[in-house]
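Keep the model open beside you as you read.

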Amino acid sequence: MPKRSEEMLVDLWMSLLLLWITCVPCVSMTPIIGQSKSTQTGGSAVVASGLGEGQRLLSRAKRGWVWNQMFVLEEFSGPDPILVGRLHTDLDVGSKNIKYVLAGEGAGTIFAINELTGDIHAMKRLDREEKAEYTLTAQVVNADTDEPLEPPSEFIIKVQDINDNPPQFIEGPYRASVPEMSSVGTPVTRVTATDADDPVYGNSAKLVYSILEGQPYFSIDPNSATIKVALHGMDREMREEYLVVIQAKDMGGHMGGLSGTTTVTVTLTDINDNPPKFSKSLYEFVIPEDLPIGKMGGKVKANDRDVGDNSKSTYSIVEGDEQGMFEIVTDSQTQEGILRLKRPLDYESKRAFTLKVEATNIRSEPSSGGPFKDTATVKIVVEDSDEPPVFSKPVYQLEVNENAPINTVIGTVNARDPDSSGSQVRYFIDRHTDLERQFNINVDDGKITLAKPLDRETDMWHNITVTATEVRNHSQISRAIVAIRVMDINDNAPEFATEYEAFLCENGRPGQVIQTVSAVDKDDPIQGHYFDYRLVPEMLNNPNFTIKNNQDNSISVLAKHDTFRRQKQEMYFLPIIVTDNGNPPMSSTNTLTIRVCGCSKDGIVQSCNVEAYVLPIGLSMGALIAILACIILLLVVLFVTLRRHKNEPLIIKDDEDVRENIIRYDDEGGGEEDTEAFDIATLQNPDGINGYLPRKDIKPDLQFMPRAGQHSGPNGVDVDEFINVRLHEADNDPTAPPYDSIQIYGYEGRGSIAGSLSSLETASSDSDQNYDYLREWGPRFRRLGELYSVGESDRET
């Protein structure tokens, strides 16, 4: 439509709107007046603004009229206040002095009343979306005294809505997604617009939706605002994102309605609708034949236009690898197929491989008919490399008899150069595995020989490493393990399993088993051990003992009679020959020692030595020990008593310092006047001490004769000189020990019947003692004898 025509249409609509605003109050109030009903004489009435002031009412207004509502248009912006309505009372006859009073919401600010005529005007522009109605109170009062002439009446002024608010999308803009290749009519999302206008009055809030942009891909339901797919075969790989503009228009979508728009970004999500595709149909790789197992030999990749899990593929070898030489795995990061070696390559046997590799999608869509696959050809060329020699076997197991002579050939190892040139090979033994150099090898033919005799009983197996080296390239070395087993020969004679010592009771019965004897052999024959026991020829007819085969490689030694007595013979020796079943058989003679012992009635051994007969019959071992303890106690008491009656003093070693015989007195002298504590006459008469009193706390080696000291006058007392003389004599006395001398405690006095109890002067030591007699006291003293025997062996060591 031309622009001029649009302006004319707008002017026409504005004219109609103004006419409608002017006519609505009259139309609105007319039914109220017409429907009014008189209930009492006198009262007020509401008169519409459309009535002229000179127009006369046809009926008298009564007090009980229903006039509780008035209406005013929102957003009216004329030059003068808009007349809402008129209040009138039958008291207003023109002669009375009355006035109209308005109170309530907006009275005086938004709404004003003419006190004389009762006309109510809206003074401000109203917005229904802010407040839809106002409650006010009208009353007629005396103009002079403001005395109410009638009770107040309440009424409501409603704001009538006009279409002044456009639709709004509160939650926009929107984002939505739909799978690619969706069928037409598939719902994508739903949008919602709101309109602040009155949804009840007119069509101001009735919305209709449409698409301004986004066709022909999408459509929208005009009432529910649901966006749907409108085009078939929308491919994400071609276009992934679409921008759709949605419009919401009120007034039911008619001309003159207000509108609002929003955007919806629609993203096509991926489905697995594209197969993997190799970038090349033929891949070629060159791999050296010495490539280690598990290492990569090449990479292939199949591209997929899909994304995420739909683009992931697995690789496999479907043809050309019948020998299982290769494998292909998928790199999870790059989605490449990694070709790896599973078995060693051999250029001389096969120089090229042709493989068919297949890539397959992991996921599949039921609607797409998957899974999708693609194949490619991989050609592998093996490159020749200088390889080390190859042994015929990785592990050799050889056998050799023990005690075989030196230079005996044990076996041969064989290695060859796998290269086409065929270099000669040299053999060596890794001496780190043969530290004792018990074996040799021929460098040319690989024969292993014996360098030292072997003993199976020392080492049954010998593991050595043999190396093979190319003559032309010494860096090419290979190794093989050679396990040499030493075979057993019968070179050890059997012997008793332990050192047996049997005990025979005097009261034993004939045929009683004295001891069970078994033998061991260091050899290990294949058929197992079998031992033959027999007495030496000179003991075959002995009257005392015999042997019995137990059929389990052991024998029992039996007594022939019950007349064994310790007084007659205390110990017997029985030589036994043990022979094995080897080839040739080996034998040894072992002697069994049998002791004759005294036993209880129950056959328990009590004593095995002859000296036990001197003990009184009927005394137990505990009683004998008690008697011995009493004797020792009496000797100790006697010894102490004799020492107390000796005339010579004893030097007793005490914890105190006994380096000098110092006698301490706890009493102190009373001074010069005290003549009782000390005899001063001794100091007054130094000559009163005649003769020499020898020391009794030591054993003097020489006799010391006292010297004549200087004498003072007969009546003079020179104490200082006397003390100095005695000090000089003490310092020069050779028999008196000095303060720092070593005291000797080896002297124990004279006349003691007990003799010396000290071991300081003993000429013998514990090592000179012989405790073999403890073994002769029987089994109860055997453990004590073993303990002392162990001590002797430790000292010898």
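**Charged pairs, a polar site and surface patches**

E501 is partly exposed, with a relative accessible area of 31%; partly exposed lies between buried, under 20% relative accessible area, and exposed, over 50% (1.4 Å probe, protein chains only). The model is predicted, so local features need pLDDT of at least 70 and side-chain atom pairs count only at pLDDT 80 or more, while totals for chains, interfaces and linings use all residues. Residues are numbered from 1 along each chain as its sequence is written, and side-chain values use heavy atoms, with hydrogens and water left out.

Which residue does E501 pair with in a salt bridge? The partner is R595, with the closest N and O atoms 2.6 Å apart. This pair links distant parts of the chain: E501 is in strand β34 (residues 501-505) and R595 in strand β40 (residues 587-599), 94 residues apart. Helices (H or I, at least four residues) and strands (E, at least two) are DSSP runs, numbered from the N terminus. R595 counts as buried, at 9% relative accessibility.

In all, the structure holds 20 salt bridges, each being a side-chain nitrogen of Lys or Arg within 4 Å of a carboxyl oxygen of Asp or Glu. Another one joins the side chains of K99 and D146 (2.9 Å, N to O). Because K99 sits in strand β4 (residues 98-104) and D146 in the loop between β7 (133-142) and β8 (153-160), this pair ties together parts that are 47 residues apart in sequence. K99 is buried at 16%, whereas D146 is partly exposed at 46%.

Now turn to N274, in the loop between β15 (259-269) and β16 (277-278). Is N274 buried or exposed? With 10% relative accessibility, N274 counts as buried. Its side chain makes polar contacts with the side chains of D273, at 2.8 Å, and D306, at 2.9 Å. A polar contact is a pair of N or O atoms within 3.5 Å; within protein, one must be able to donate a hydrogen and the other to accept it, and residues adjacent in sequence count only if both atoms are side-chain atoms.

L628, I632, V636 and V640 make a nonpolar patch of about 330 Å². V640 belongs to helix α2 (residues 621-644) and is partly exposed, at 37% relative accessibility. Patches are made of residues with over 30% relative accessible area and no salt bridge, with like charges joined within 9 Å and nonpolar side chains (Val, Leu, Ile, Met, Phe, Trp, Tyr) within 5 Å. Accessible areas come from the Shrake-Rupley method with a 1.4 Å probe; for residues, only the protein chains shown count as cover.
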